[in-house]
Amino acid sequence: MSATLLDRGPVLLVGADGQLGTELRKALAARGVVPLMSALHGRLPDGGSARACDLSVPGALAALVAELKPAVVLNAAAYTAVDRAESEPALARRINADAVGELGAVARAVGAVVVHYSTDYVFAGDGSRPYREDDAPGPVSVYGRTKLEGEQALAASGAEAVTFRLAWVYAAHSANFLRTMLRVGAEREHLRVVADQIGAPTPAHWIADASLRALEAGARGLYHLAPQGETSWHAYAEAIFAGAVSRGLLPRAPVVEAIASTEYPTPAARPAWSVLDSGKLARDAGLRLGHWRKGLDEVLDQLATAS
Ligand SMILES: NC(=O)c1ccc[n+]([C@@H]2O[C@H](COP(=O)([O-])OP(=O)(O)OC[C@H]3O[C@@H](n4cnc5c(N)ncnc54)[C@H](OP(=O)(O)O)[C@@H]3O)[C@@H](O)[C@H]2O)c1
């Protein structure tokens, strides 16, 4: 437990160049931990280098873990192109499920603890109260199915592991809804955003910090990790624009028209109800994220400071 686990031996951060991987690097640095890192092409956005490791190649991640023998593996890599996954199911399954099972097997062999991330998309989205870890999954997309298979493969491997299901992740960098809204909001006076999908936007820096704390507190198994409150994509967009205008990030807010999901068809179906109940993490690890609006304020403040 505690800082001692991250100090026990090398920490390997897989997917160090992604949205969450970037925040995990910062959260580790804040703890004085310099991780070993891997990225698909071995390059990091800040010009730094990492080991190149392609999770679509069978055995590649397992070979890296066997070579480095880390005490902890943080797996922030995933096939996250939700719509493209519908036409690339084999590749999505290879990265999100098969590679995770292989990671579990090698982690068990070398005695590494695995921290893994999954998604609200494992659920059908037809719930009416926040989803708990023991609610039946029922993914409605290839991405959701492959992420569920990854959870199950890791659990079946017998490795010491913790998996956090996340939803609506964003940061001041990388590709996400907030950055898309700020870009199109600067270009257009009128936007249409779906109002019938409900969830809780979660800052990646909250996830990074909370998942390391939970790891140190001894959380193992499956946990939902989401902020308090809930909103629709439409109301979230309006909150982004109000916060951006008040910080001078945008000169004016566009009109945001509320539409139904049926008016914005996508290749992959999305769960309508994506609210996750994080009570188990609060009970087991004493951890509770703040309200999603506070998270949005923090990320917009980061953008305002950087601009
Ligand atoms: N974003 C969300 O809203 C959300 C919601 C729920 C759960 N999650 C989960 O949270 C975790 C982190 O997601 P994120 O938001 O940080 O996604 P992200 O920014 O798309 O990061 C995914 C990372 O995986 C890497 N990757 C993709 N294919 C790879 C391959 N074949 N080999 C090695 N690396 C590969 C990507 O590298 P490249 O950039 O070089 O392709 C990137 O570094 C994932 O497990 C995701 O399923 C995300």
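Helices (H or I, at least four residues) and strands (E, at least two) are taken here as DSSP runs, numbered from the N terminus.

1. **Basis.** This is a predicted model, in which local features need pLDDT of at least 70 and side-chain atom pairs count only at pLDDT 80 or more, while totals for chains, interfaces and linings use all residues. Residues are numbered from 1 along each chain as its sequence is written, and side-chain values use heavy atoms, with hydrogens and water left out.

2. **Where the shell comes from.**

3. Y143 places a polar side-chain atom 2.6 Å from a ligand oxygen. For T80, the distance from a side-chain N or O atom to a ligand oxygen is 2.7 Å. For K147, a side-chain N or O atom is also 2.7 Å from an oxygen of the ligand. On its own the ligand has 900 Å² of accessible area, and the protein covers 79% of that. Accessible areas come from the Shrake-Rupley method with a 1.4 Å probe; for residues, only the protein chains shown count as cover.

4. **Helix α2.** This helix has 12 residues. From first C-alpha to last it reaches 17 Å, close to the expected 16 Å. The expected span is 1.5 Å times one less than the number of residues. Buried means under 20% relative accessible area, exposed over 50%, and partly exposed in between (1.4 Å probe, protein chains only). In α2, 9 of the 12 residues are buried, so the helix is largely enclosed by the rest of the structure. Among them are Q19, L20, E23 and R25. G32 follows α2 and has a positive phi, near 75 degrees.

5. Most residues other than glycine have a negative phi. K69 has a positive phi of about 45 degrees. K69 sits in the loop between α3 (60–68) and β4 (72–75), and is exposed at 52% relative accessibility. W168 has a positive phi of about 50 degrees. Its loop runs between β6 (161–166) and β7 (169–170). W168 is buried, at 8%.

6. **H224.** This residue lies in strand β11 (residues 221–224). H224 is buried, with 0% relative accessibility. Contact means heavy atoms within 4.5 Å. Not counting residues up to four places away in sequence, H224 touches F123, Y131, R132, E133, R165, L276, D277, S278 and L281.

7. **E102.** Helix α4 (residues 89–110) contains E102. E102 is partly exposed, at 25% relative accessibility. Leaving aside neighbours within four places in sequence, E102 is in contact with P58, G59, A62 and R94. E102 and L276 are 174 residues apart along the chain, and 28 Å separates their C-alpha atoms.

Conventions: A polar contact is a pair of N or O atoms within 3.5 Å; within protein, one must be able to donate a hydrogen and the other to accept it, and residues adjacent in sequence count only if both atoms are side-chain atoms.
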